[in-house]
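Colleague: Hi! I'm new to this one, could you walk me through it?

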Amino acid sequence: MAFAVPLDDKDNMAELDTLDIIVLGAILLGTLAYFTKGTYWGVTKDPYANAFANANGAKAGKSRNIVEKMEESGKNCVIFYGSQTGTAEDYASRLAKEGKSRFGLETMVADLEEYDFENLDTFPSDKVAMFILATYGEGEPTDNAVDFYEFVTGEDAAFSESNDPALGNLNYVTFGLGNNTYEHYNSMVRNVDKAFTKFGAHRIGEAGEGDDGAGTMEEDFLAWKEPMWSALADKMGLQEREAVYEPVFGIVDRENLSVESPEVYLGEPNKMHLEGTAKGPFNAHNPYIAPIVESRELFSVKDRNCLHVDVDISGSKLSYQTGDHIAIWPTNAGDEVDRFLDILGLKEKRHNVISVKALEPTAKVPFPTPTTYDAIVRYHMEICAPVSRQFVSTLAAFAPNEEAKAEMVKLGSDKDYFHEKTIPHLFNIAGLLAKVSSGEKWTNIPFSAVIEGLNKLQPRYYSISSSSLVQPKKISITAVVENQMVPGREEPFRGVATNYLLALKQKQNGDPNPEAFGKTYELLGPRNKYDGIHVPVHVRHSNFKLPSDPSKPVIMIGPGTGVAPFRGFVQERAKQAQNGAPVGKTLLFFGCRKPEEDFMYENEWKEYKEALGDKFELVTAFSRQTSKKVYVQHRLQEYSKEVNELLSQKGFFYVCGDAANMAREVNAVLAKIIATERGVTEAKGEDIVKSMRSSNQYQEDVWS
């Protein structure tokens, strides 16, 4: 459409009023838009943009019907994962790659929380569903698996059709990730397997179980998957072929962009953070950049560090309850980033801008792009984690010489040899590659293989050591800095997050001799967005809670940093007492090495004693004060009579700390105390403790 003004009306143009001009202008703009399709002012969509434009990484309008999704994308194998720390997700990705490369399966990886399961009864019998399920805490599903778990194990699971049996068409595979130090070991995968069996589904192979408590998770997984593949091949008529690396992601150089380009991600977790408009909800997909208002050292010894850190959440809508966990989103130290980029021959290209494109429709790029090699390695990859034997096998084909290739093949295929050469030294991937090649660069490794083979850098969770009643907008963290010398390593093995916190603490306090390693952290964050001592966080709610009735007695066992949540518990009870509430007996068993070295919060306990009077008692166990080592479980035994009396009054029993030794021994001691004090057998004492656990009278917040 076009229009013209007649010549004889020229002189009348001056007489047009303002409204006429506005209308004419609008028509002109509309006409221009029609013919140009908006090319003069439209924003060109980045063809490589991914789901991280949304803070939660979700695509609007995405189907939640897995059967439809598989049909649309031509898939015949889906691998679901329920993951809390990323390991189950990693295993799912590895199975997907292996299924495709070895058996020609058309695989996809799926997050359980992104799909509904009422239509699982329509799952085609010529396809297979795999479920890789971690158990979290005391037998609970991981955050992303709650809805799935409650549906399939519920009494009233209602599927879309009236099949009998309901899931007679479903062929499935299961592997669980658990920790044998917990009572409900691998209960997630066991209960799901039981539910599927009840509904008539057909399991292929054994229901595998990995044990993090025994330190055998990786080998349990590798030992399980070989017979599983054999059983699956028989069931589906698959032919194994020589596995060849096929990239899941394509790497595209963006030569028109630089680190100065505003659309380039330099470590920001999503688009809102990139644009400086970050807002809630803050969660596992979207951290809050929180100011650290105070940080201090809790130990009085030179060779060990323990930090108290206070994080301010008043600028967010985050909230917490006493006993919850806080997640710290760490960055990798500069030293480790440099070492990693160097061994791959990428050091000179570290600030080159690239986009990462999924080469098949169901794959998800694990970080936002366009970005740089440096940002990916620094903010998004677990480059410091122990090496996976399966990943070593994958990388053998890209070795810089035949000698290195032969060594990688042997490491990947021989379990005992791999453990002998790698486990004692706690090698990360860069350390192992440098060792195998004597420092020669591994420039043949496709960067896509690195993205696929390494886990995403995960938040680290810490028990909150403050009371939400006392300080609702300030979260306290108590953390020992992991830093240990290991034979065969030139440098100590260092924890990623705790050394990050130490570096922040040293900067905040202007420490005169900060750790050289700590100084390599990018403390200012991407584009200086963490300036002023900030750290990315979110809160994870926990079931580790004080009784709702403050008059109930509580017994707490918390050696070392296991005392963290109990500082919050005692802080809360002291406040309740000051407010006039009747508070029950509060008995805390705390252990450390020596009172003059690592007696955490010593003066605070005295303040709480003043507020609570004889309602609070602190029982200490110092393991290095004398030649005889005394631990909290020994002191617990000494208090047998009082402990039994408090439990008889419906008191609550809490344990926090090391799962493998301390928590297990405390459990055994308590069973003996109950047996002795109540005149019953030890077996009966154990049954009573189990009953306490089932009713939440006995609660644990432990780690391996």
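Colleague: What kind of model is it, and how are residues numbered?

Modeller: This is a predicted model, where local features need pLDDT of at least 70 and side-chain atom pairs count only at pLDDT 80 or more, while totals for chains, interfaces and linings use all residues. Residues are numbered from 1 along each chain as its sequence is written, and side-chain values use heavy atoms, with hydrogens and water left out.

Colleague: Let's start with α4. Which of its residues are buried?

Modeller: In helix α4, residues 146–153, the buried ones are F148, Y149, F151 and V152. Seen down the axis of α4, they fall within an arc of 165 degrees, so they line one face of the helix. That arc is taken from the directions from the helix axis to the C-beta atoms. Buried means under 20% relative accessible area, exposed over 50%, and partly exposed in between, using a 1.4 Å probe and protein chains only. Helices (H or I, at least four residues) and strands (E, at least two) are DSSP runs, numbered from the N terminus.

Colleague: What do the buried residues of α4 pack against?

Modeller: They pack against β3 (128–136), β4 (140–141) and α5 (187–198). Contact here means heavy atoms within 4.5 Å.

Colleague: New topic: how many aromatic pairs are there?

Modeller: The structure holds 34 aromatic pairs. In one of them, the rings of F131 and F148 have their centres 5.5 Å apart and their planes at 10 degrees, so the pair is stacked. Rings of Phe, Tyr and Trp (its six-membered ring) pair if their centres lie within 6.5 Å; planes under 30 degrees apart count as stacked, over 60 as edge-to-face and the rest as tilted.

Colleague: Where do F131 and F148 sit?

Modeller: F131 is in strand β3 and F148 in helix α4, 17 residues apart, and the pair links distant parts of the chain. Both F131 and F148 are buried.

Colleague: What about Y172 and F196, are they stacked or edge-to-face?

Modeller: Y172 and F196 are edge-to-face, with 4.9 Å centre to centre and 65 degrees between the planes. Y172 belongs to strand β5 (residues 171–178) and F196 to helix α5, 24 residues apart. Y172 is buried at 0% relative accessible area, and F196 is buried at 0% relative accessibility too.

Colleague: Which residues are in the cluster that ring pairs link?

Modeller: The cluster is made of F80, Y115, F117, F131, F148, Y172 and F196.

Colleague: Now strands. How do β8 and β12 pair?

Modeller: Strand β8 (residues 249–253) and strand β12 (residues 353–358) are antiparallel, over five bridges, and I251 has V356 in β12 as its bridge partner. Two strands pair if DSSP finds at least two bridges between them. β12 also pairs with strand β13 (residues 371–372), antiparallel over two bridges, where I354 stands opposite T371.

Colleague: Last one: where is C656, and what does it touch?

Modeller: C656 is in strand β22 (residues 652–658) and is buried, with a relative accessible area of 0%. Not counting residues up to four places away in sequence, C656 touches several residues, including S463, F544, I557, G558 and W703.
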